[in-house]
Amino acid sequence: MYRIPPFWGRYILTLLSTWSLLFHNVNVSAAGLPTTTLSNGIEFPLVGLGVGNLQHDLIESQISHGLSEKMNYRMIDTAHASHNENIIFQGVQQGFSSYDPTALQKHNNTVHVITKVWYTHLGYERTKISVKESLEQLNSPSIISVHLLIHWPKCRDDIQWMDCEAEENLLPQSVKDAGPPPHLDKEHAYLESWRALEDIYMGKVKLGTDLPLIASIGVSNFDLPELKELIVNSRITPHMMQGNSWSYVFDPDLIYFMYQRKIHFQVYSVMNGIYERTGETPLAFRALGDIARALSAFAKSEYGEDARYSEVQVLLKWFTQNKVSVIPRTRSLDHLEENSPESIGSMPNLTAEEEEQVSAIVRAIFEGHDFDQPRATFVNSASEKVHLFWKDHDGKEHPVKTDLEDGDVFETDTHTGHIFVAYDDSQLKRKEFQVTAGYNQMEKIHINELLEEL
């Protein structure tokens, strides 16, 4: 069962709480959607749609539905290597075609599209080719705002699906002629790519006429040494970095380094990285569900909204509340709406305590070590024998421990909110106790002389 090690657990949770304060004050766009401001002043959505590996025949429909007033997606993530930028362009055109001009102006007609330079195109001239092809396929300057990232700093030998030489051999001859194979110069090729992105962003290199301007430049899948090396050799600090959800929880040095330099962090793999691992940690997942139900109850009592928030929505809220943008991918229209900017933006904020709980839950899920159930310790100090029962939701009482003598102690696993009832030996007096302990917590309950007369 999972218990956070005393020192390391406090260190991680303190850092995550600190980041909550550092990254809080989420902006709200004119349309009421959660946004942040990049270091170059660009207002940037915190909830987007990932379509990089989505089947091509689903992309146009997903984007078209996502742009609707009901969902209000205004950020889409892909990569040049996904070969779908032209489909994204078509989806945006189709989605906005259903708006009347007045509504479109009210709800913001700018769609932020993030695309990336694949590691086969690292190097100054190869990067220019990749960027030019992306901009030509996303060519709608009045609607689409393009953000360009380096997808990987290098082709890595320790990642099984990366095959540097085979991918190099499949490239068009024009790309091969533009520059040397980047896998033969792994320590410098990405620095040359960054120099190209800087020149294009600053307008020093023109790739064509009437192409969209680049709104920001950044990196993806960089570790801390690589990011430091890039910044040492740069004129422009990356405006954003895209990384997996594991990094946000387990690489505090990287996250704090980005905060210090105002590099926005965007997280991918919320579903694959966290949600799909929950079968190994049912109690941690149940704790996430408890938070979802508490938020739903709060929304109903405070705003009269009949909301039923899901565990996934709690995770997305946790990230965005800390100014970390998210790009979940889905094939389902129902999930598309559930994960949308409208849905996440309308949720109540997590309390500081709930944020710490989510932090611990995510750690437990990643590590595959489940929570301990709350544990109650009953101490009989009533100067008489008592009998202990558990009271279910229907009010029916079930025996838990009989003949608990004066001074005896009884321990049991339980759940937050469970009600126990203690009776005296004659069952003429009773006392109810409600468990307040949460997961990974113990609670001592004294059964004393204050037993109430029936």
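User: What makes the largest space a pocket, and how much space lies in the largest pocket?

Analyst: On a 1 Å grid over the protein atoms alone, a pocket is an open set of points with protein on both sides within 12 Å along at least five of seven lines, whereas a cavity is a set where a 1.4 Å probe fits but cannot get out. The largest pocket holds about 1,000 Å³. That volume is the space filled by probe spheres set on the points, with grid points joined across faces, edges and corners. This is a predicted model: local features need pLDDT of at least 70, side-chain atom pairs count only at pLDDT 80 or more, and totals for chains, interfaces and linings use all residues. Residues are numbered from 1 along each chain as its sequence is written, and side-chain values use heavy atoms, with hydrogens and water left out.

User: What makes a residue part of the lining, and which lie nearest the centre of the largest pocket?

Analyst: A lining residue has an atom within 4 Å of a point. The largest pocket has 41 of them, and Asn53, Tyr268, Ser269, Asn272 and Arg329 lie nearest its centre. β9 (240-244), α12 (270-273) and α15 (333-338) each supply at least two. The largest share, four residues, comes from α12. Helices (H or I, at least four residues) and strands (E, at least two) are DSSP runs, numbered from the N terminus.

User: How is the lining of the largest pocket divided by class?

Analyst: It has 16 nonpolar, 19 polar and six charged residues. Ala, Val, Leu, Ile, Met, Phe, Trp, Tyr, Cys and Pro count as nonpolar, Asp, Glu, Lys and Arg as charged, and the others, Gly among them, as polar.

User: How many cavities of 30 Å³ or more does the search find?

Analyst: Two, in the whole structure. The largest cavity has a volume of about 60 Å³. Its lining is Tyr119, Thr120, Cys155, Cys164, Glu167, Glu168, Pro182 and His183. That makes four nonpolar, two polar and two charged. The second largest cavity holds about 30 Å³. Leu49, Ile63, Gly66, Leu67, Tyr73 and Ile76 line it. Five of these are nonpolar, one is polar and none is charged.

User: How do you know whether tyrosine 248 is buried or exposed?

Analyst: Buried means under 20% relative accessible area, exposed over 50%, partly exposed in between (1.4 Å probe, protein chains only). Tyrosine 248 has 1%, so it is buried. Phenylalanine 265 has 6%, so it is buried.

User: What makes phenylalanine 378 and phenylalanine 420 stacked or edge-to-face?

Analyst: Their planes stand at 65 degrees and their centres 5.0 Å apart, so the pair is edge-to-face. The pair links strand β12 (residues 375-380) with strand β16 (residues 419-424), 42 residues apart. Phenylalanine 378 counts as buried at 0%. Phenylalanine 420 counts as buried at 3%.

User: Which residues do ring pairs link into a cluster?

Analyst: Trp118, Tyr119, Trp152 and Trp161. Tyr119 also lines the largest cavity.

Technical notes: Phe/Tyr/Trp six-rings, centres within 6.5 Å; stacked < 30°, edge-to-face > 60°.
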